[in-house]
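Take a look at the protein below. How do its helices pack against one another, and what lies between them?

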Amino acid sequence: MLNRFRGLAQKVWAPLADALLRAGVSPDVVTVAGTLVVVVTALWAFPTGHLLLGAVVIGVFTLTDSLDGVMARRSGRTGPWGAFLDSTLDRFGDAAIFSGLVVWYVGGGDDRTAALLALACLVLGSVVPYARARAEGLGMTASGGIAERADRLLVVLVATAVVGAGAPTVVMSVVLALLAVASAVTVVQRMATVRRQVQENA
(Lines give C-alpha, C1' and ligand atoms only; values in the text may rest on other atoms or scores of the structure.)
Protein backbone atom coordinates (compact mmCIF):
# COMPACT_ATOMS: atom_id res chain seq x y z
CA MET A 1 0.00 0.00 0.00
CA LEU A 2 2.67 2.51 1.02
CA ASN A 3 4.69 1.73 -2.11
CA ARG A 4 2.20 3.91 -3.99
CA PHE A 5 3.81 6.94 -2.35
CA ARG A 6 7.29 6.27 -3.76
CA GLY A 7 6.88 8.98 -6.39
CA LEU A 8 6.12 11.54 -3.67
CA ALA A 9 9.07 10.32 -1.60
CA GLN A 10 11.40 10.81 -4.54
CA LYS A 11 10.31 14.44 -4.87
CA VAL A 12 10.68 15.02 -1.13
CA TRP A 13 14.19 13.58 -0.94
CA ALA A 14 15.49 15.07 -4.20
CA PRO A 15 17.04 18.21 -2.59
CA LEU A 16 18.76 16.18 0.15
CA ALA A 17 19.90 13.61 -2.40
CA ASP A 18 21.48 16.33 -4.52
CA ALA A 19 23.18 17.89 -1.49
CA LEU A 20 24.69 14.56 -0.41
CA LEU A 21 25.90 13.83 -3.93
CA ARG A 22 27.56 17.25 -4.13
CA ALA A 23 29.27 16.45 -0.84
CA GLY A 24 30.70 13.28 -2.37
CA VAL A 25 28.50 10.84 -0.46
CA SER A 26 27.65 7.72 -2.43
CA PRO A 27 24.26 5.96 -2.36
CA ASP A 28 25.94 2.83 -0.93
CA VAL A 29 27.22 4.80 2.06
CA VAL A 30 23.69 6.03 2.79
CA THR A 31 22.35 2.48 2.52
CA VAL A 32 24.92 1.04 4.90
CA ALA A 33 24.75 3.94 7.38
CA GLY A 34 20.96 3.81 7.55
CA THR A 35 21.00 0.08 8.17
CA LEU A 36 23.60 0.39 10.92
CA VAL A 37 21.52 3.02 12.72
CA VAL A 38 18.37 0.89 12.51
CA VAL A 39 20.13 -2.29 13.67
CA VAL A 40 21.98 -0.67 16.57
CA THR A 41 18.91 1.26 17.70
CA ALA A 42 16.60 -1.77 17.52
CA LEU A 43 18.99 -4.05 19.38
CA TRP A 44 19.67 -1.46 22.09
CA ALA A 45 16.48 0.56 22.52
CA PHE A 46 13.88 -2.20 22.37
CA PRO A 47 15.54 -4.75 24.69
CA THR A 48 16.19 -2.00 27.25
CA GLY A 49 12.57 -0.82 27.18
CA HIS A 50 13.11 2.45 25.29
CA LEU A 51 10.26 1.61 22.92
CA LEU A 52 9.16 5.14 22.04
CA LEU A 53 12.69 6.40 21.42
CA GLY A 54 13.58 3.36 19.36
CA ALA A 55 10.42 3.55 17.27
CA VAL A 56 10.93 7.24 16.53
CA VAL A 57 14.59 6.89 15.54
CA ILE A 58 13.95 3.81 13.41
CA GLY A 59 10.88 5.47 11.89
CA VAL A 60 12.92 8.48 10.80
CA PHE A 61 15.52 6.31 9.11
CA THR A 62 12.85 4.09 7.61
CA LEU A 63 11.27 7.15 6.02
CA THR A 64 14.62 7.88 4.37
CA ASP A 65 14.89 4.31 3.09
CA SER A 66 14.28 5.47 -0.49
CA LEU A 67 16.93 8.22 -0.25
CA ASP A 68 19.72 5.99 -1.54
CA GLY A 69 17.60 5.00 -4.53
CA VAL A 70 16.87 8.64 -5.33
CA MET A 71 20.60 9.40 -5.13
CA ALA A 72 21.43 6.49 -7.41
CA ARG A 73 18.93 7.58 -10.04
CA ARG A 74 19.93 11.23 -9.96
CA SER A 75 23.62 10.34 -10.27
CA GLY A 76 23.13 7.67 -12.93
CA ARG A 77 24.46 4.93 -10.67
CA THR A 78 21.46 2.62 -10.73
CA GLY A 79 22.25 -1.03 -11.26
CA PRO A 80 21.96 -4.54 -9.89
CA TRP A 81 24.56 -3.98 -7.15
CA GLY A 82 22.65 -1.16 -5.49
CA ALA A 83 19.38 -3.08 -5.65
CA PHE A 84 21.05 -6.18 -4.21
CA LEU A 85 22.75 -4.26 -1.40
CA ASP A 86 19.59 -2.40 -0.43
CA SER A 87 17.44 -5.54 -0.42
CA THR A 88 19.99 -7.56 1.53
CA LEU A 89 20.53 -4.91 4.20
CA ASP A 90 16.78 -4.42 4.55
CA ARG A 91 16.65 -7.98 5.89
CA PHE A 92 19.15 -7.04 8.62
CA GLY A 93 17.04 -4.06 9.64
CA ASP A 94 13.80 -6.04 9.73
CA ALA A 95 15.42 -8.86 11.70
CA ALA A 96 16.86 -6.42 14.24
CA ILE A 97 13.50 -4.73 14.84
CA PHE A 98 11.58 -7.92 15.57
CA SER A 99 14.50 -9.53 17.40
CA GLY A 100 14.68 -6.50 19.68
CA LEU A 101 10.99 -6.86 20.45
CA VAL A 102 11.39 -10.59 21.13
CA VAL A 103 14.18 -9.88 23.62
CA TRP A 104 12.13 -7.17 25.32
CA TYR A 105 9.10 -9.40 25.68
CA VAL A 106 11.14 -12.28 27.08
CA GLY A 107 12.83 -9.93 29.54
CA GLY A 108 11.26 -6.64 30.61
CA GLY A 109 8.01 -7.15 28.73
CA ASP A 110 7.58 -10.54 30.40
CA ASP A 111 5.06 -11.78 27.81
CA ARG A 112 6.02 -15.08 26.19
CA THR A 113 2.96 -15.12 23.92
CA ALA A 114 3.81 -11.71 22.47
CA ALA A 115 7.42 -12.84 22.11
CA LEU A 116 6.25 -15.79 20.01
CA LEU A 117 4.09 -13.47 17.92
CA ALA A 118 7.07 -11.17 17.31
CA LEU A 119 9.13 -14.22 16.35
CA ALA A 120 6.37 -15.31 13.95
CA CYS A 121 6.44 -11.85 12.35
CA LEU A 122 10.20 -12.13 12.00
CA VAL A 123 10.02 -15.52 10.28
CA LEU A 124 7.06 -14.77 8.05
CA GLY A 125 8.49 -11.35 7.22
CA SER A 126 11.60 -13.05 5.86
CA VAL A 127 9.56 -15.48 3.75
CA VAL A 128 7.64 -12.66 2.01
CA PRO A 129 10.69 -11.21 0.19
CA TYR A 130 12.14 -14.68 -0.35
CA ALA A 131 9.02 -15.70 -2.27
CA ARG A 132 9.43 -12.70 -4.55
CA ALA A 133 13.17 -13.23 -5.03
CA ARG A 134 12.74 -16.92 -5.78
CA ALA A 135 9.98 -16.21 -8.28
CA GLU A 136 12.08 -13.60 -10.04
CA GLY A 137 15.00 -16.05 -10.12
CA LEU A 138 12.70 -18.42 -12.03
CA GLY A 139 11.69 -15.72 -14.48
CA MET A 140 8.32 -14.91 -12.89
CA THR A 141 6.92 -12.18 -10.66
CA ALA A 142 5.52 -12.35 -7.14
CA SER A 143 5.22 -8.81 -5.85
CA GLY A 144 2.31 -7.24 -4.03
CA GLY A 145 0.14 -8.63 -1.28
CA ILE A 146 -1.71 -7.12 1.65
CA ALA A 147 1.40 -6.68 3.82
CA GLU A 148 4.47 -5.52 1.95
CA ARG A 149 7.61 -4.45 3.81
CA ALA A 150 6.74 -0.76 4.16
CA ASP A 151 3.29 -1.61 5.49
CA ARG A 152 4.67 -4.09 8.04
CA LEU A 153 7.26 -1.63 9.32
CA LEU A 154 4.78 1.22 9.62
CA VAL A 155 2.34 -0.90 11.62
CA VAL A 156 4.90 -2.37 14.03
CA LEU A 157 6.68 0.95 14.62
CA VAL A 158 3.45 2.83 15.30
CA ALA A 159 2.33 0.11 17.72
CA THR A 160 5.73 0.12 19.44
CA ALA A 161 5.64 3.91 19.81
CA VAL A 162 2.11 3.81 21.23
CA VAL A 163 3.04 1.17 23.82
CA GLY A 164 6.23 3.08 24.60
CA ALA A 165 4.11 6.18 25.23
CA GLY A 166 2.10 4.32 27.87
CA ALA A 167 -0.58 2.26 26.11
CA PRO A 168 -1.22 -1.27 27.44
CA THR A 169 1.13 -3.90 26.03
CA VAL A 170 -1.90 -5.84 24.81
CA VAL A 171 -2.06 -3.29 21.98
CA MET A 172 1.25 -4.58 20.70
CA SER A 173 0.16 -8.20 21.11
CA VAL A 174 -2.94 -7.62 19.00
CA VAL A 175 -0.96 -5.76 16.34
CA LEU A 176 1.70 -8.47 16.17
CA ALA A 177 -0.97 -11.15 15.83
CA LEU A 178 -2.66 -9.28 13.00
CA LEU A 179 0.70 -8.60 11.38
CA ALA A 180 1.66 -12.27 11.52
CA VAL A 181 -1.63 -13.24 9.87
CA ALA A 182 -1.25 -10.53 7.21
CA SER A 183 2.30 -11.68 6.46
CA ALA A 184 1.12 -15.28 6.11
CA VAL A 185 -1.65 -14.17 3.76
CA THR A 186 0.88 -12.22 1.71
CA VAL A 187 3.04 -15.33 1.34
CA VAL A 188 0.01 -17.31 0.16
CA GLN A 189 -0.92 -14.53 -2.27
CA ARG A 190 2.55 -14.58 -3.79
CA MET A 191 2.55 -18.35 -4.01
CA ALA A 192 -0.81 -18.21 -5.79
CA THR A 193 0.56 -15.62 -8.20
CA VAL A 194 3.48 -17.86 -9.11
CA ARG A 195 1.21 -20.90 -9.38
CA ARG A 196 -1.03 -19.04 -11.81
CA GLN A 197 1.93 -18.04 -13.97
CA VAL A 198 3.19 -21.62 -14.05
CA GLN A 199 -0.20 -22.87 -15.17
CA GLU A 200 -0.48 -20.18 -17.85
CA ASN A 201 2.94 -21.09 -19.24
CA ALA A 202 2.36 -24.85 -19.11
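The model is predicted.

**Helix pairs**

Start with a table of the pairs.

| Pair | Axis distance | Angle |
|---|---|---|
| α3 and α7 | within 7 Å | roughly 150° |
| α2 and α5 | within 8 Å | roughly 10° |
| α5 and α8 | 13 Å | about 135° |

Take α3 (residues 51-63) and α7 (residues 149-164) to begin with. Their axes cross at roughly 150°. Angles over 145 degrees count as roughly antiparallel, and α3 and α7 are therefore roughly antiparallel to each other. Their crossing is left-handed. On the α3 side, the contact is made by L51, L52, A55, I58, G59 and T62. On the α7 side, L153, L157, T160, A161, V163 and G164 take part. By class, this contact has eight nonpolar and four polar residues, and no charged ones.

Now turn to α2 and α5. Their axes cross at roughly 10°, which makes α2 roughly parallel to α5. From α2, the residues in contact are D28, T31, V32, T35, V38, V39, A42 and L43. They meet W81, L85, D86, L89, F92, G93, A96, I97, S99 and G100 in α5. Eleven nonpolar, five polar and two charged residues make up this contact.

The last pair is α5 and α8. These helices pack at about 135°, so α5 is oblique to α8. The crossing is left-handed. F98, L101 and Y105 of α5 are in contact with M172, S173, L176 and L179 of α8. Six of the residues in this contact are nonpolar, one is polar and none is charged.

**Nonpolar cores**

What sits in the largest nonpolar core? This core has 30 residues. Those with the most contacts inside it are F46, I97, F98, L101, V156 and L176. Several helices contribute: α2 (27-45), α3, α5 (80-106), α6 (112-137), α7 and α8 (170-201) each supply at least two residues. Which helix gives the most to this core? That is α5, with seven residues.

Leaving aside residues up to four places away in sequence, L101 touches F46, L51, A118, V156, T160 and M172. There is also a second, separate core of six residues. W13, A17, V30 and V70 are among them.

Technical notes. Residues are numbered from 1 along each chain as its sequence is written. This is a predicted model: local features need pLDDT of at least 70, side-chain atom pairs count only at pLDDT 80 or more; totals for chains, interfaces and linings use all residues. Side-chain values use heavy atoms; hydrogens and water are left out. Axes are lines fitted to C-alpha atoms, for helices over the stretch in contact, and angles run from 0 to 180 degrees between N-to-C directions. Helices (H or I, at least four residues) and strands (E, at least two) are DSSP runs, numbered from the N terminus. Angles under 35 degrees count as roughly parallel, over 145 as roughly antiparallel, 65 to 115 as roughly perpendicular and the rest as oblique. A crossing is left-handed if the near helix is turned anticlockwise from the far one by less than a right angle, and right-handed if clockwise. Contact means heavy atoms within 4.5 Å. Ala, Val, Leu, Ile, Met, Phe, Trp, Tyr, Cys and Pro count as nonpolar, Asp, Glu, Lys and Arg as charged, and the others, Gly among them, as polar. A nonpolar core is a set of buried Ala, Val, Leu, Ile, Met, Phe, Trp, Tyr and Cys residues joined through side-chain atoms within 4.5 Å. Buried means under 20% relative accessible area, exposed over 50%, partly exposed in between (1.4 Å probe, protein chains only).
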